[in-house]
Amino acid sequence: MAIPIDTADDTEGLRSEAFVVTMPPPRPRGALDDPLWVKLLVSGIGLLFLLLFILLPLLAVFTEALRRGVQTYLEALTEPDALAAIRLTLVVAAIAVPANLVFGVCAAWAITKHRFPGKSLLLTLIDLPFSVSPVISGLVYVLLFGAHGWFGSWLRDHGIHIVFAVPGLVLATVFVTFPFIARELIPLMQAQGRDEEEAAITLGASGWQTFRRVTLPNIRWGLLYGVLLCNARAMGEFGAVSVVSGHIRGETNTMPLHVEILYNEYNFVAAFAVASLLALLALVTLVLKSLLEWRYGAELAATRRR
């Protein structure tokens, strides 16, 4: 004979318990939940700012440069003083960027892989060009190496010219650009830690082998990114090199300084023609920057999938 079993209480308890367990927590309100008009307003402000302060000035540069035709544009770029300014800009960048490359890698390696007294001071000095006006940094070199500077007499007696010469331009450019590579590598190398380097050294690798086969492959995209930004700033620097150059036409004028001289002489087409080269440099830098970010992101995603 079947005996009826009262399961009402148990069923009710299970239902109550299931209700408590499966009840979803309240979802926090996020930015994606904002009304449509808020999204449109914020996007419109961003696009308007981009149009007014970036795209329109960039368009104006190329419009003014080509206003009198391609022939006049090419003549402005092949004029002897313009060629000298372009050549000097490339020379200064070719010296300053490798120097900052060596310094940035060494500084980042020392800060992230070693403990030593004065690490905080070194970090502060690396950030110094970000807080000091480039004009002030150029003035410092004039006070040090100028004719009436601290070392001016000694340099003059030995026939060494720094200020109002190429060495002064290189020093000023190196100063304003040396944080870029170091500051790009330091957070990257800190995030990677020291485990792989310590393992390589434990297995018998030398310091150079560890750097070449372990550290360098891990930082190559960040290193290229820093070099790219450093080169763009080196070619476009104006304030510091303006103070130490002396504005000697055809000798110490870089491209930005040559643009200033042409503009002050009301030679607007030639000024904008040279300026268009700097604008093209900015566009190329932007494209390469995007490619490096995409390549690094793709490689990082592939590593995570493994």
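Is Arg249 buried, partly exposed or exposed, and what is its relative accessible area? In this predicted model, Arg249 is partly exposed, with a relative accessible area of 34%. That residue is taken up again below, after a look at the chain as a whole.

The protein chain holds 15 helices and 0 strands. Of its 306 residues, 32% are buried. The accessible surface amounts to about 19,300 Å², and carbon and sulfur atoms account for 69% of that area. Contacts reach well along the sequence: among those between residues at least 6 apart, 70% join residues at least 24 apart.

Confidence deserves a word before the details. The mean pLDDT of the chain is 85, with 88% of residues at 70 or more. Helix H9 has the highest confidence, at a mean of 94, whereas helix H1 (residues 8-22) has the lowest, at a mean of 49. Where pLDDT is low, the predicted coordinates should not be read in detail.

Salt bridges come next, and the whole structure contains 7 of them. One of these joins the side chains of Glu197 and Lys113, at 3.3 Å from N to O. This pair ties together distant parts of the chain, with Glu197 in helix H11 (residues 195-202) and Lys113 in helix H4 (residues 80-113), 84 residues apart. Glu197 has a relative accessible area of 7% and is therefore buried, being under 20%. Lys113 is likewise buried, with a relative accessible area of 7%.

A second salt bridge is formed by the side chains of Arg233 and Glu237, with an N to O distance of 2.9 Å. Here the two partners fall into separate classes: Arg233 counts as partly exposed at 28% relative accessibility, while Glu237 is buried at 4%.

The residue of the opening question, Arg249, forms a salt bridge with Glu265, and the closest N and O atoms are 2.6 Å apart. This pair also links distant parts of the chain: Glu265 sits in the loop between helix H14 (255-264) and H15, and Arg249 in the loop between helix H13 (239-245) and H14, 16 residues apart. Glu265 is partly exposed, with a relative accessible area of 42%. Together with Asp81, Arg249 and Glu265 belong to a network of salt bridges.

The buried residues of H7 are Ser137, Gly138 and Tyr141. Viewed down the helix axis, these buried residues fall within an arc of 100°, so they line one face of H7. The cover over them includes helix H9 (166-177) and H13, and H9 is also the element with the highest mean confidence.

Ser276 counts as buried because its relative accessibility is 0%. Leaving aside residues up to four places away in sequence, Ser276 touches Val61, Phe62, Ala65 and Tyr73.

Conventions: Residues are numbered from 1 along each chain as its sequence is written. This is a predicted model: local features need pLDDT of at least 70, side-chain atom pairs count only at pLDDT 80 or more; totals for chains, interfaces and linings use all residues. Side-chain values use heavy atoms; hydrogens and water are left out. Buried means under 20% relative accessible area, exposed over 50%, partly exposed in between (1.4 Å probe, protein chains only). Contact means heavy atoms within 4.5 Å. A salt bridge is a side-chain nitrogen of Lys or Arg within 4 Å of a carboxyl oxygen of Asp or Glu. Helices (H or I, at least four residues) and strands (E, at least two) are DSSP runs, numbered from the N terminus. The arc is that of the directions from the helix axis to the C-beta atoms. pLDDT is the predictor's confidence in each residue, from 0 to 100. Accessible areas come from the Shrake-Rupley method with a 1.4 Å probe; for residues, only the protein chains shown count as cover.
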